[in-house]
Amino acid sequence: KEKIVVEAESLVESVAWKVTTARLKVLLEEWKKAPRLDKKVDAQLWKRFSSSRNKFDKRRRTHFASLTQQQNQVKSSKEKIVSEAESLATSTDWVATARRYKSLMDEWKATGRGKKNDDAKLWNRFKAAQDTFFAAKNADLEKREVTMSANLDKRNALIIEIEKLLPITD
């Protein structure tokens with residue numbers, strides 16, 4: 001039982017949460033199978049063993065509570081980013097909105113990681129809004145390019161006619 005207690009005490013500061021939890025369960029089973037000792041000695045060893053398990057468990061719960069809180073903050077921040085991205089999806093102010101999307105992307109990266117599932121859902125919404133905007137922007141640019149190309153052809157034709165008049169003597 002002394003060996004069990006010493007090992008349990010050595011695991012108190014571990015951050016390998018899953019492995020250590022499993023090992024402490026094994027040690028508890030070993031404790032239960034071990035023969036009883038003098039009541040006073042057995043009680044002292046049990047107190048040390050139990051205390052070690054409790055300290056580790058408290059650290060583990062604190063760690064995961066902190067992690068959950070952090071993930072919730074990340075989720076909240078990313079939800080705000082996604083909301084703004086969705087509100088910009090139909091904008092026709094191409095330059096300013098494209099800059100804002102770049103800024104939102106930088107904010108997204110700086111926010112950090114949240115829960116994998118939440119991050120994936122939020123990213124899909126963000127990407128859909130961004131894709132909607134940039135598809136509309138590219139379609140507008142293509143439409144303008146056709147018009148500009150036609151205007152360029154007309155201008156080139158005018159230049160040829162103007163050059164025929166050269167040199168102008170009067």
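**Note on the helix packing in this predicted model**

1. Helix 5 has these buried residues: Asp118, Asp119, Leu122, Phe126, Ala129, Gln130, Phe133, Lys137 and Asp140. The structure is a predicted model, and the points below should be read as a description of that model. Among the elements that cover the buried residues of helix 5 are helix 3 and helix 4 (94-111).

2. The length of helix 5 can be checked against its residue count. Helix 5 runs over residues 116-164, which is 49 residues, and at 1.5 Å a residue these should span 72 Å.

3. Next comes the pairing of helix 4 with helix 5. Their axes come within 11 Å and cross at roughly 160 degrees. Angles over 145 degrees count as roughly antiparallel, and therefore helix 4 and helix 5 are described as roughly antiparallel to each other. The crossing of these two helices is left-handed.

4. Which residues make this contact? From helix 4 they are Trp94, Thr97, Ala98, Tyr101, Leu104, Met105 and Trp108. From helix 5 they are Asp119, Leu122, Trp123, Phe126, Ala129, Gln130, Phe133, Phe134, Ala136, Lys137, Asp140 and Arg144. Sorted by class, the contact of helix 4 with helix 5 has 13 nonpolar residues, two polar and four charged.

5. Gln130 lies in helix 5. Is Gln130 buried or exposed? Its relative accessibility is 13%, and the cut-off for buried is under 20%, so Gln130 counts as buried. Leaving aside residues up to four places away in sequence, Gln130 touches Tyr101 and Met105. Both Tyr101 and Met105 are listed on the helix 4 side of the contact.

6. Helix 2 (residues 17-33) and helix 3 (residues 39-88) form another pair. They pack at an angle of about 160 degrees, and their axes are 11 Å apart. That angle makes helix 2 roughly antiparallel to helix 3. The crossing of helix 2 and helix 3 is left-handed.

7. On the helix 2 side, this contact is made by Trp17, Thr20, Thr21, Leu24, Leu27, Leu28 and Trp31. On the helix 3 side, it is made by Asp42, Leu45, Trp46, Phe49, Arg53, Phe56, Arg59, Arg60, His63 and Phe64. The residues in the contact of helix 2 with helix 3 divide into ten nonpolar, three polar and four charged.

8. Lys1 deserves a look of its own. Lys1 is placed in the segment before helix 1 (2-10). With a relative accessible area of 19%, Lys1 is buried; the cut-off is under 20%. What does Lys1 touch? Not counting residues up to four places away in sequence, its contacts are Trp31, Ala34, Pro35, Arg36, Leu37, Asp42 and Leu45. Of these, Trp31 is listed in helix 2, and Asp42 and Leu45 in helix 3, in the contact between those helices.

9. Lys164 is found in helix 5. Its relative accessible area is 66%, so Lys164 is exposed. Lys164 and Gln71 are 93 residues apart in sequence, and their C-alpha atoms are 73 Å apart in space.

10. Leu67 is in helix 3 and counts as partly exposed, at 30% relative accessibility. Leu67 and Ser87 are 20 residues apart along the chain, with their C-alpha atoms separated by 30 Å.

Key:
Residues numbered from 1 in each chain as written. Predicted model: local features only at pLDDT ≥ 70, side-chain atom pairs only at ≥ 80, totals over all residues. Heavy atoms only, no water. Axes fitted to C-alpha atoms, helices over the stretch in contact; angles between N-to-C directions. Helix = DSSP H or I, 4+ residues; strand = E, 2+ residues; numbered from the N terminus. Parallel < 35°, antiparallel > 145°, perpendicular 65-115°, else oblique. Left-handed = near helix turned anticlockwise from the far one by under 90°. Contact = heavy atoms within 4.5 Å. Nonpolar A, V, L, I, M, F, W, Y, C, P; charged D, E, K, R; others polar. Buried < 20%, exposed > 50% of the residue type's maximum accessible area, 1.4 Å probe, protein only. Expected span 1.5 Å × (residues − 1).
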